[in-house]
Amino acid sequence: LLIGVLAGTGMFIYYKALDSGLNRDDPFAELTGGRPAKTVDGALNMLLLGSDSRDPDNKGKPGQWRSDTIIVMHIPASHDHAYLISVPRDLYVHIPKSKSNPQYGDTKAKINAAFAWGGTPLTVQTVEEYTQVRMDHVVLIDFGGFKQVIDALGGIDMYIEQDVKSIHPPHRQFKKGMNHLNGDEALDYARQRYQFSDGDFARMRHQQQMMKAVMDKAASSGTLTNPGRLNSFLKAVTKAVTVDKDFSLADMAVQFHGLRSKDLTFMVSPHAG
């Protein structure tokens, strides 16, 4: 019992230390009224945003960057499943007026323009207006930094659905079939879209596939039970994300420690093509 208490206390202290090292933003600061009500206690709705910024100082801020990836993740009160709904970045929706840049917004545009015009606050406001679902947390993922997460796992296995030559230097050639990819390779493949008949929908599919592969590798390679590997993996994760001020990695680890990739359901928001 004593060993169990000490181990649990040590793990809690460790997660709290990771919490303190997370990059934080306040995406809800400008949202003062008119938000959808929270309808179910215990359920969580998280907005996952993938920034196409290569500037680490530009996370969450309005500017020239748009969010390539928009995913609404719903976790029911039972905490035994997660539903991840990809929102096409070119979805044509109403974007409210930006409070930080009043010259933008209050018009219809592609949904990823919200990030460029008003950073994470305007993106939250836009997604909540479109979905009529209240977001509890926001996680901004720097996909440029996500390669370290994959490398910390020793790479991941992904099924390449067709032969593809990357449009980005060094123009990698991906062969159809199961491939073992390092961080640079996985991100490069997940960014391709022009070579596929369904374009950006293929990219969303491959991003979902990559996220699932990361979970599979973390669970199957002993990472979750090996303190050294787990430390490298979690430190890479904390460097690759920016979270809201109330997000707690310790709470997430406790509440969702049993979730595996088989417990994830991926889908795409309704669209007109």
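Student: Why is Tyr189 called buried in this model?

Tutor: The model is predicted. In it, Tyr189 has a relative accessible area of 0%. Buried means under 20%, so Tyr189 counts as buried.

Student: What makes Phe174 buried or exposed?

Tutor: Its relative accessibility is 4%. The cut-off for buried is under 20%. Therefore Phe174 counts as buried.

Student: How many aromatic pairs does the structure hold?

Tutor: It holds 3 aromatic pairs. One of them joins Phe174 and Tyr189, whose ring centres are 5.5 Å apart.

Student: Why is the pair of Phe174 and Tyr189 called tilted?

Tutor: Look at the planes. They stand at 55°. Stacked needs under 30 degrees, and edge-to-face needs over 60.

Student: Which parts of the chain does the pair of Phe174 and Tyr189 tie together?

Tutor: Phe174 lies in strand β10, residues 173-174. Tyr189 lies in helix α4, residues 183-191. The pair therefore ties together parts that are 15 residues apart in sequence.

Student: Why is the pair of Tyr189 and Phe196 called edge-to-face?

Tutor: Their ring centres are 6.5 Å apart and their planes are at 75°. Edge-to-face means over 60 degrees, so this pair is edge-to-face.

Student: Is Phe196 buried or exposed, and how do you know?

Tutor: Phe196 has a relative accessible area of 5%. Buried means under 20%, so Phe196 is buried.

Student: What makes Phe174, Tyr189 and Phe196 a cluster?

Tutor: Ring pairs link them.

Student: How many helices and strands does the protein have?

Tutor: Its secondary structure comes to 7 helices and 13 strands.

Student: Why is the protein called as compact as a globular protein of that length?

Tutor: Its radius of gyration is 19 Å. The globule rule gives 19 Å for 273 residues. The two values are close, so the protein is as compact as a globular protein of that length. Along its principal axes, the C-alpha trace spans about 60 × 45 × 35 Å.

Student: What share of the residues is buried?

Tutor: Buried residues make up 48% of the 273.

Student: What does the surface come to?

Tutor: The accessible surface is about 13,300 Å². Carbon and sulfur atoms hold 55% of that area.

Notes. Residues numbered from 1 in each chain as written. Predicted model: local features only at pLDDT ≥ 70, side-chain atom pairs only at ≥ 80, totals over all residues. Heavy atoms only, no water. Phe/Tyr/Trp six-rings, centres within 6.5 Å; stacked < 30°, edge-to-face > 60°. Helix = DSSP H or I, 4+ residues; strand = E, 2+ residues; numbered from the N terminus. Buried < 20%, exposed > 50% of the residue type's maximum accessible area, 1.4 Å probe, protein only. Rg over C-alpha atoms; globule rule 2.2 N^0.38 Å. Areas by Shrake-Rupley, 256 points an atom, 1.4 Å probe, with all protein chains shown as cover.
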